[in-house]
Amino acid sequence: MKKKDKIRRKENLQRMLTDSEFTVKGKCVISLMLTKLDIINTFLLMKYNRTIIQMKTGRVKGYDSVCKKLSKKGLELDREIALEKINDLIGVRAICSYVDDIYRVADLLEKQKDIRIVKVKDYIKQPKKSGSESPYDFRRSYCFSTRNTVDSCRIATSYSCDGLLGQFRSSTQI
């Protein structure tokens with residue numbers, strides 16, 4: 001590939017990730033997921049008489065982080081490749097006190113009709129091979145795609161993917 005083409009692709013990637021439309025849509029998806037987690041937490045609070053989700057956060061992955069991840073995977077710095085191959089351009093995390101709570105939250109999340117689960121990584125049952133995780137840090141990670149949501153929260157038309165891919169991670173630390 002020519003150097004000019006590589007530079008153009010990298011600039012397109014940077015433009016996409018710093019574009020206000022992408023950022024606003026990403027924040028909409030984060031808001032949507034955090035609201036879903038609030039509702040799940042309220043439901044579980046009524047059922048178990050205690051707060052299940054202790055904390056939740058969300059973020060849109062930054063340009064430098066996307067470049068690092070693409071490079072680590074041996075991929076070109078390209079907008080289309082990033083959208084296709086990086087499942088956590090948007091991330092939402094819920095922290096739970098107990099491992100069983102992670103599965104409770106995940107079960108209710110899986111039942112959401114407007115979310116399509118693309119991939120599940122269960123680091124509780126199958127710990128990472130790198131061993132980099134603390135033995136007391138249990139995670140279950142989902143790659144999801146939004147669908148049937150408000151158009152302002154979709155990215156399908158402008159960035160050619162089925163909804164906005166993101167990652168939900170539920171974890172607990174003992």
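Analyst: One term before we start: buried means under 20% relative accessible area, exposed over 50%, and partly exposed in between (1.4 Å probe, protein chains only). This is a predicted model: local features need pLDDT of at least 70, side-chain atom pairs count only at pLDDT 80 or more, and totals for chains, interfaces and linings use all residues. Residues are numbered from 1 along each chain as its sequence is written, and side-chain values use heavy atoms, with hydrogens and water left out.

User: Is Lys111 buried or exposed?

Analyst: Lys111 counts as exposed, at 53% relative accessibility. Lys111 pairs with Asp107 in a salt bridge, with the closest N and O atoms 3.3 Å apart. A salt bridge here is a side-chain nitrogen of Lys or Arg within 4 Å of a carboxyl oxygen of Asp or Glu. Asp107 is partly exposed, at 35%.

User: How many salt bridges turn up in the whole structure?

Analyst: The search finds 13. One of them joins Arg50 and Asp101, at 2.9 Å from N to O. The two sit 51 residues apart: Arg50 in the loop between helix 2 and strand 1, Asp101 in helix 5. Helices (H or I, at least four residues) and strands (E, at least two) are DSSP runs, numbered from the N terminus.

User: How accessible is Asp101?

Analyst: Asp101 is buried, at 0% relative accessible area. Arg50 is partly exposed, at 28%.

User: Switching topic. What does Ile40 touch?

Analyst: Ile40 touches Val105, Leu108, Leu109 and Gln112, leaving out residues up to four places away in sequence. Contact means heavy atoms within 4.5 Å.
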